[in-house]
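Let's walk through this structure together, moving from one side-chain arrangement to the next. Please keep the model open beside the text as you read.

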Amino acid sequence: YSPTCRARLGDSRCGVNLLTFSETGAITQVLSPTLLKDLGRTEPAGVYKHGLLTFLTGANAGLSREIKDFSNRQIVLALPFPHLV
């Protein structure tokens, strides 16, 4: 990372394999458009903070949103997805 770096994290110019930093899961409860719950998550609070949540299926497939915070199996998004989760 540097001010002159033109690569995007994970692209071919960067060389970082983002799959090593990826997890899969399932949204088990929608508490609000920006508050989702995944009962399968057991990681400590903050572990996904500033990460990306990307849907693989459904109306939001391929779309990503920044994770504002994570704790107690709850994912707080910076912005809601355009389609209902």
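The charged end of Arg65 sits over the ring of Phe81, 5.2 Å from the ring's centre; a charge is said to sit over a ring if NZ of Lys or CZ of Arg is within 6 Å of the ring centre and within 35 degrees of the ring normal. This is a predicted model, in which local features need pLDDT of at least 70 and side-chain atom pairs count only at pLDDT 80 or more, while totals for chains, interfaces and linings use all residues. Residues are numbered from 1 along each chain as its sequence is written, and side-chain values use heavy atoms, with hydrogens and water left out.

You will find Arg65 in strand β4, where strands are DSSP runs of E with at least two residues, numbered from the N terminus. Leaving aside residues up to four places away in sequence, Arg65 touches Gly51, Leu52, Leu53, Leu77, Leu79, Pro80, Phe81 and Pro82, a contact being heavy atoms within 4.5 Å.

Now for the rings. A pair of aromatic rings is described by the distance of the centres and the angle of the planes. The structure holds 2 aromatic pairs; rings of Phe, Tyr and Trp (its six-membered ring) pair if their centres lie within 6.5 Å, and planes under 30 degrees apart count as stacked, over 60 as edge-to-face and the rest as tilted. Tyr48 and Phe70 make an edge-to-face pair, 5.0 Å centre to centre with 80° between the planes. This pair links distant parts of the chain, 22 residues apart: Tyr48 is in the loop between β2 (35–37) and β3, and Phe70 is in strand β4 (residues 64–71). Tyr48 counts as buried because its relative accessibility is 17%, where buried means under 20% relative accessible area, exposed over 50% and partly exposed in between (1.4 Å probe, protein chains only). Phe70, at 1% relative accessibility, counts as buried too.

Phe81 comes back in the pair with Phe55: the ring centres are 4.7 Å apart and the planes at 85°, so the pair is edge-to-face. Because Phe55 lies in the loop between β3 and β4 and Phe81 in the segment after β5 (74–77), the pair ties together parts that are 26 residues apart in sequence. Both Phe55 and Phe81 are buried.

Note on methods. Helices (H or I, at least four residues) and strands (E, at least two) are DSSP runs, numbered from the N terminus.
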